[in-house]
Amino acid sequence: MITQYSVQQILGSYNDRAPLSEASTIPAPWYVDDRIAELESKTVFSNTWQMVGRAEQVEKPGQFVSAIVAGEPIVVVRGNDNVLRGFFNVCRHHAAAVVTEKCGQAQLLHCPYHGWNYGLDGSLKGMPEFDGVKNFDRQQNGLAPIQAAVWEKFVFVNLDPQASSIESFFGGLVKRVAPLQVSKLHYFDSRQYDIHCNWKVFVDNYLDGGYHVPHLHKGLSSVLDYKEYTIENEDRYCLQSSPMVSSNEDTATGATRQGDRAWYFWQYPNLMINCYEGYMDTNLVIPIDVDHCRVIFDFYFADVSESSRAYNDQSVAVGARVQDEDLGICEDVQRGLKSRAYGAGRLSVRREAGEQLFHRLLAADLKNGSQKTAAAAD
Ligand code: FES
Ligand SMILES: [Fe+2]
């Protein structure tokens with residue numbers, strides 16, 4: 001007989017109060033049950049700041065970026081008054097996406113379906129062949145706004161109208177990233193990976209405090225002083241950091257991963273920022289469905305001139321190799337999570353504090369969200 005547990009039972013099966021030495025991971029159903037994925041979309045991804053683009057893409061009036069966040073089409077656009085605004089990218093006529101490019105520049109936002117036009121401030125400017133329509137208030141038919149903000153080199157939105165500012169949401173991360181001066185780096189290239197695993201499997205893999213590095217990433221391991229690896233949890237972020245050592249074993253990694261320290265920031269729920277000297281990559285983990293996620297890597301360098309292209313390409317290739325090594329493991333883990341032999345796993349006190357922070361934050365959001373949903377249904 002197959003027992004179907006309720007969402008409440010699944011959420012209740014994780015103890016978020018256990019100290020790390022006694023803690024387990026979130027149980028397997030959290031990674032494989034459609035109802036949990038749906039609840040995450042309504043809560044976690046609908047009330048956190050989500051990265052949707054790069055600041056340099058919306059620097060000038062009329063420049064925009066579009067994205068899908070928690071299943072919602074959104075657009076962020078710089079107005080003629082230089083104010084950055086976010087909107088649901090949903091036409092008020094018959095719900096088509098108004099902006100269909102990922103980024104660009106326009107004077108007006110023009111819906112491709114029946115030609116309605118919106119200003120850069122979201123106001124409805126014109127509707128062809130709409131004479132004779134009664135009780136239609138143009139003022140009430142602008143694009144619906146959402147919160148948008150720029151932090152460092154990135155553009156974010158938050159679907160929750162009540163959300164606190166991005167700085168207060170990110171908390172201590174803001175101060176920790178500032179000294180690294182990532183604003184001096186320049187965007188170079190992106191890579192995208194579609195992975196057959198729940199988005200949390202990828203995040204867990206990132207947050208295991210280097211536990212898997214000596215086993216899975218021999219090249220990367222050769223430049224990190226693994227024993228000195230540190231893990232700090234604060235607010236909604238975890239910083240994993242390691243002193244660097246010079247590598248004789250892997251010349252490509254040694255040449256492209258330099259400086260005194262490696263800095264690996266994770267910001268709840270799905271953003272990673274990785275820095276070495278003169279280098280940054282960001283990883284944005286986007287859930288596709290309960291079994292699939294997409295990870296977008298953006299690479300930034302201090303020097304993106306033509307003369308540095310070969311070096312930068314080599315650096316991106318080193319990053320891609322690490323990613324390939326992670327990919328297979330993440331897909332194996334997703335399969336294992338579905339096995340009747342697995343329920344939940346224990347955590348290494350030395351290595352896996354970041355994972356516990358992630359699971360606790362997630363549990364708080366989901367429990368909160370499911371109570372609200374239950375209260376609304378009463
Ligand atoms: S749906 Fe946009 S104009 Fe009709
Ligand atoms: Fe890894």
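This is a predicted model: local features need pLDDT of at least 70, side-chain atom pairs count only at pLDDT 80 or more; totals for chains, interfaces and linings use all residues.

**Entry 1: the cavity.** My rule, on a 1 Å grid over the protein atoms alone: a cavity is a set of points where a 1.4 Å probe fits but cannot get out, while a pocket is an open set with protein on both sides within 12 Å along at least five of seven lines; lining residues have an atom within 4 Å of a point. The largest cavity has a volume of about 390 Å³. A volume here is the space filled by probe spheres set on the points, with grid points joined across faces, edges and corners. I noted 24 lining residues, and the closest to the centre of the largest cavity are Tyr206, Leu220, Asn274, Val322 and Asp326.

Which element gives the most to this lining? I found that α10 does, with four residues. At least two residues each come from α6, β15, β16 and α10 (309-337). These labels are DSSP runs numbered from the N terminus: helices are H or I with at least four residues, strands are E with at least two. By class I wrote down 11 nonpolar, nine polar and four charged residues for the lining of the largest cavity. Ala, Val, Leu, Ile, Met, Phe, Trp, Tyr, Cys and Pro count as nonpolar, Asp, Glu, Lys and Arg as charged, and the others, Gly among them, as polar.

**Entry 2: ground rules.** Residues are numbered from 1 along each chain as its sequence is written, chains are lettered from A and ligands numbered from 1 in the order in which they are written, and side-chain values use heavy atoms, with hydrogens and water left out.

**Entry 3: helix α6.** Next I checked α6 (residues 199-206), and eight of its eight residues are buried. Buried means under 20% relative accessible area, exposed over 50%, partly exposed in between (1.4 Å probe, protein chains only). Among the buried ones I listed Trp199, Lys200, Asp204 and Tyr206. At the start of α6, a side-chain oxygen of Asn198 comes within 2.9 Å of the backbone nitrogen of Lys200.

**Entry 4: strand β14.** Is β14 (residues 261-267) mostly covered or mostly open? Mostly covered, I found, with five of its seven residues buried. I counted two strands as paired if DSSP finds at least two bridges between them. Strand β13 (residues 237-243) pairs with β14 in the antiparallel sense over seven bridges, and Cys238 stands opposite Trp266. With β15 (residues 271-276), β14 makes five antiparallel bridges, and Phe265 stands opposite Ile273. A hairpin of three residues joins β14 to β15.

Entry 5: I then turned to open space, and the largest pocket holds about 800 Å³. Its lining has 36 residues, with Ala67, Ile68, Leu284, Ile286 and Ile296 closest to the centre. β16 gives the largest share of that lining, six residues. I sorted the lining of the largest pocket into 19 nonpolar, 10 polar and seven charged residues.

**Entry 6: a three-strand sheet.** Last, I traced an open sheet in the order β6-β7-β8, with antiparallel pairing. β6 (109-110) and β8 (124-126) are at the edges with a single partner strand each, so one side of each has no neighbour in the sheet.

Notes
A polar contact is a pair of N or O atoms within 3.5 Å; within protein, one must be able to donate a hydrogen and the other to accept it, and residues adjacent in sequence count only if both atoms are side-chain atoms.
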